[in-house]
Amino acid sequence: MEQATRIRYYDASARKKAPARARNMHSEFLRTGRILRYEERWLPDEKRYMTHDEVADRTGRKLETAGYKTHSHLNNFHRSIQFPSMIFHKTLEDSPHLGYCHVTASKTSFDMRRQILWSFYFANFFAEIGGEKDGFFVEIDPRYSRMYFAIAMNAVNGHAVEIDRSVHKDGLLFRTHDPKVALKNVLTLGARTEEMRKLIMAM
């Protein structure tokens, strides 16, 4: 059985500067009064290949920075809707330039009988959420660079342990590539009153 080819990454920002003898030192002296023995020039790009761990680390830092900004936007909407900061990320094993970030978790009630625990995430790609026998993400779509989604979770002692697949399709509460739509959905889940939900949906 053939092994899958691992993606190779290189640092496109790694360009070196080197001194080069100035061609027109005499005319430069007459123009500026300075003697320039060397001028900087850019060497041709030299690819510095990166390990998958380096790529995953760089991806993770970007995801968590965006995660903190997203959490701040949510909590700045209204003082009655506040979410805990629960920022952590994961990258995809064979494609470490792709990953997702958990932003927060909370509870909501769709009726008077049952409270739903949910988690809010975003990813730097768009995909379907997998079924029980599939991976977490399937059919990754490169056309969109972001995906925001919330998933219902089952809990033990208040901690999310698995997707609650009894809620909607595969536990998915919403999924979108539009950050404004995501913001409205999360705020609606966090709103405590019907009046506040109506105000958010009217934004």
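With which side chain does the side chain of Asp 164 make a polar contact?

**View 1. Asp 164 in the loop between strands S11 and S12.** The loop lies between S11 (159-163) and S12 (172-176); strands are DSSP runs (E, at least two residues), numbered from the N terminus. The side chain of Asp 164 makes a polar contact with the side chain of Ser 166 at 2.6 Å. A polar contact is a pair of N or O atoms within 3.5 Å; within protein, one must be able to donate a hydrogen and the other to accept it, and residues adjacent in sequence count only if both atoms are side-chain atoms.

**View 2. Surroundings of Asp 164.** Because its relative accessibility is 5%, Asp 164 counts as buried (under 20% relative accessible area, 1.4 Å probe, protein chains only). Neighbours within four places in sequence aside, Asp 164 is in contact (heavy atoms within 4.5 Å) with Arg 114, Ala 152, Met 153, Asn 154 and Gly 171.

**View 3. Strand S6 and its partners S5 and S7.** Of the 15 residues in S6 (residues 95-109), 12 are buried. Pairing requires at least two DSSP bridges between two strands. S5 (residues 88-92) runs antiparallel to S6, joined by 5 bridges, and the two form a hairpin with 2 residues between them. Phe 88 stands opposite His 102 in S6. S7 (residues 115-123) pairs with S6 in the antiparallel sense over 9 bridges, and Thr 104 stands opposite Phe 120 in S7.

Residues are numbered from 1 along each chain as its sequence is written, and side-chain values use heavy atoms, with hydrogens and water left out. In this predicted model, local features need pLDDT of at least 70 and side-chain atom pairs count only at pLDDT 80 or more, whereas totals for chains, interfaces and linings use all residues.

Conventions:
Helices (H or I, at least four residues) and strands (E, at least two) are DSSP runs, numbered from the N terminus. Buried means under 20% relative accessible area, exposed over 50%, partly exposed in between (1.4 Å probe, protein chains only).
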